[in-house]
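Here's a quick briefing to keep beside you while you look through the model. Take a look at the sequence and fold, then read on.

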Amino acid sequence: MKFQNKFLGKKILVTGGLGFIGSSLVIRLINEGADVTIIDAMIPEYGGNLFNIDPVKQKVKINIGDIRDEKVMSQLVKGMDYIFHLAGQVSHVKSLTDPFPDIDINIKGTAILLESCKKFNKDVKIIRAGTRGQYGNAKLLPVNEEAPTNPKGIYEISQLTAEKMMSVYNEIHGIKSVQLRLTNIYGPRSQMKSSHFGVVNWFIRLAMDGEMIKVFGDGKIKRDFVYIDDCIDAMIVTALEEKCIGEIFNVGNDKPTNFLELVEVLCELRKDCKWEYAPFSPERAAQEPGDFYSDISKIRKFTGWEPDTGLKEGVQKSIDFYSKHKSQYWN
């Protein structure tokens, strides 16, 4: 999507800006002419990677810091036109064994960001990335923004809590915000060392390494996969559209794909790809939400956005990127 220099000269803070989605957003904003500052705590295993911003490293300000640091945040929010809030603990799997980072980072960190804006920059607009996991099991497909929220883990509960806090500050304190519930985002610049942060990227790694991909159940569970460039388009277009303020939007795909289709694409693109069916473990069976795909009619109505990168194209772009930069993401 083209944004006609609407970010030219705008001051923008990106929390978690060295991670997968954050860095991709930073590169796009820099190319749109924005003045971008990153804050990222570079917590091990969370995906922060200085190489992620290599194409724009001379044009961006980097603060290795923590959104839970009130003094740091009170300074960073000053004078910003936009804040894209992407910092957080974003692994469902990790939250099952240690729920406290979710509570501390996702809830306390968001509260500190909001209080800093209330005290030092009430005119800023915040665009926050949440997760489709906030819904829990789908009662009706596709899932729209009015669906019940019944999250199944502390990670998803913490994300829903942060969303509720944003809404309160928007309504009561006038801190303008847009809330996004992201689905399965994949593509370049993701961490590729762990299976905890995105099934498509992890399948891509296994395919590239010639390792066995395990497809659970019958492989026909439906998901809506979204390529990273489409996700960034959604973030930017909702930031620019004034009528999006105070709203919640799904960022997903209303043309779902199942896991069999995903591995078929991978094996078409990588001839050494191999896969097998695998039974659900009791733990996985308890956590599996079943079919899920998003109703994106609301964001389409408000902004005209919809994903336009097909699965095969997105997977190919991802393979090309990781093949070229494998040493930066595998080691």
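E247 is partly exposed, at 24% relative accessible area (buried means under 20%, exposed over 50% and partly exposed in between, using a 1.4 Å probe and protein chains only). This is a predicted model, so local features need pLDDT of at least 70, side-chain atom pairs count only at pLDDT 80 or more, and totals for chains, interfaces and linings use all residues. Residues are numbered from 1 along each chain as its sequence is written, and side-chain values use heavy atoms, with hydrogens and water left out.

**Charged pairs**

- The structure holds 18 salt bridges, each one a side-chain nitrogen of Lys or Arg within 4 Å of a carboxyl oxygen of Asp or Glu.
- E247 pairs up with K298 in one of these, at 2.8 Å from N to O. K298 sits in helix 10 (residues 297-303) and E247 in the loop between helix 7 (228-240) and strand 11 (248-251), so the pair ties together parts that are 51 residues apart in sequence. Helices (H or I, at least four residues) and strands (E, at least two) are DSSP runs, numbered from the N terminus.
- K298 counts as buried, at 17% relative accessibility.
- R68 and D66 meet in a salt bridge of 2.7 Å, N to O; R68 is partly exposed at 25%, and D66 is partly exposed at 22%.
- D54 bridges to K57, with the closest N and O atoms 3.2 Å apart. Here D54 is partly exposed at 33% and K57 is partly exposed at 45%.
- D254, K255, R300 and E306 are linked in a network of salt bridges.

**A nonpolar patch on the surface**

- F100, I103, I154 and I157 make up a nonpolar surface patch with about 360 Å² of accessible area together. Patch members have over 30% relative accessible area and no salt bridge; like charges are joined within 9 Å, and nonpolar side chains (Val, Leu, Ile, Met, Phe, Trp, Tyr) within 5 Å. The areas come from the Shrake-Rupley method with a 1.4 Å probe, and for residues only the protein chains shown count as cover.
- I154, in helix 5, is partly exposed at 33%.

**The second largest pocket**

- Its volume is about 270 Å³, meaning the space filled by probe spheres set on grid points, which are joined across faces, edges and corners.
- Of the 18 residues lining this pocket, E45, G47, G48, Q191 and K193 lie nearest its centre. On a 1 Å grid over the protein atoms alone, a pocket is an open set of points with protein on both sides within 12 Å along at least five of seven lines, and lining residues have an atom within 4 Å of a point.

- L141 and P142 are joined by a cis peptide bond, with omega about -10 degrees. P142 is in the loop between strand 5 and helix 5.
- A138 is also found in the loop between strand 5 (125-131) and helix 5, and its C-alpha atom is 11 Å from that of D295, 157 residues away along the chain.
- M42 isn't a glycine, yet its phi is positive, near 50 degrees. M42 sits in the loop between strand 2 (35-40) and strand 3 (61-64) and is partly exposed at 30%.
- R189 isn't a glycine either, and has a positive phi of about 80 degrees. R189 lies in the loop between strand 7 (184-186) and helix 6 (199-209) and counts as buried at 16%.

Notes
On a 1 Å grid over the protein atoms alone, a cavity is a set of points where a 1.4 Å probe fits but cannot get out, and a pocket is an open set with protein on both sides within 12 Å along at least five of seven lines; lining residues have an atom within 4 Å of a point.
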